[in-house]
Amino acid sequence: IYVQTNNEGQTANVTIPAAAAKAIATAAAASGGETVLSVYKGGVGAWINGVHITTRLIKGDYPDYKKLIPDINCMGYIEVNREELLGALTRASIAVSSETNRLLRLSVEEDGHLNISANGATMNAGGAVECNLVGFDLAGAKLAMNATYLLQAVKADDEDETVKLYPHNGTHLLLANGVETQLIMGIRVRG
């Protein structure tokens, strides 16, 4: 991709919406031809084989994600079979009926099982999934997560047979494979 600026040899660091970046990358990959990006005040334009895509700039600096996501090399994790986890999450998310309360509770049991339950009348709807605890003692760890977000994150990681879940401070969960790390924010609940 060739980036065009007003001054020859000048680089431009800009932040654009993720949907626009994906559209530009998809169109550029499909075209096989030259892609020219032009940065101007307030926006970015992309010319790809006669097609022009424009988008606005996001003002301000993007937060440093490295400060938001802890170093997983210093954390213990829960390793779970991906298909078993998907099944349990799917069963539990069906039991969560309200669109406004999609709460699932995850708890690591002493016997090495990850218990997934729906918040409401139908408890333990997801059941227990056998897991391997690696690193720090994670038995007793508890998290409350949005069912939709957690299910989407596990589905997105379709390359590996196992999923590595890194509970962090009881507030959020990191889901990692060899390529990427996803941060899923937890839900604070009482009791």
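**Group meeting: the largest cavity and the chain around it**

Ten names to start with: I78, L106, V108, L114, A141, K142, L143, L165, P167 and L173 form the lining of the largest cavity. Please keep in mind that this is a predicted model.

Staying with that cavity, its volume is about 50 Å³. The structure has 1 cavity of 30 Å³ or more. What does the lining look like by class? There are 9 nonpolar residues, 1 charged residue and no polar ones. As for where the lining comes from, three strands each give at least two residues: β6, which spans 103-108, β9, at 142-146, and β10, at 162-168.

Now the chain as a whole. How many helices and strands are there? The chain has 4 helices and 12 strands. It runs to 191 residues, and 37% of them count as buried. Take the contacts with a separation of 6 or more: 57% of these are between residues 24 or more positions apart. The accessible surface of the chain is about 11900 Å², and carbon and sulfur atoms account for 50% of that.

Where is K59 found? K59 sits in the loop that runs between β4, residues 51-56, and α2, residues 65-68. Is K59 buried or exposed? K59 is exposed, because its relative accessible area is 81%, and the cut-off for exposed is over 50%.

How values were computed
Residues are numbered from 1 along each chain as its sequence is written. This is a predicted model: local features need pLDDT of at least 70, side-chain atom pairs count only at pLDDT 80 or more; totals for chains, interfaces and linings use all residues. Side-chain values use heavy atoms; hydrogens and water are left out. Buried means under 20% relative accessible area, exposed over 50%, partly exposed in between (1.4 Å probe, protein chains only). Contact means heavy atoms within 4.5 Å. Accessible areas come from the Shrake-Rupley method with a 1.4 Å probe; for residues, only the protein chains shown count as cover. On a 1 Å grid over the protein atoms alone, a cavity is a set of points where a 1.4 Å probe fits but cannot get out, and a pocket is an open set with protein on both sides within 12 Å along at least five of seven lines; lining residues have an atom within 4 Å of a point. Grid points are joined across faces, edges and corners, and a volume is the space filled by probe spheres set on the points. Ala, Val, Leu, Ile, Met, Phe, Trp, Tyr, Cys and Pro count as nonpolar, Asp, Glu, Lys and Arg as charged, and the others, Gly among them, as polar.
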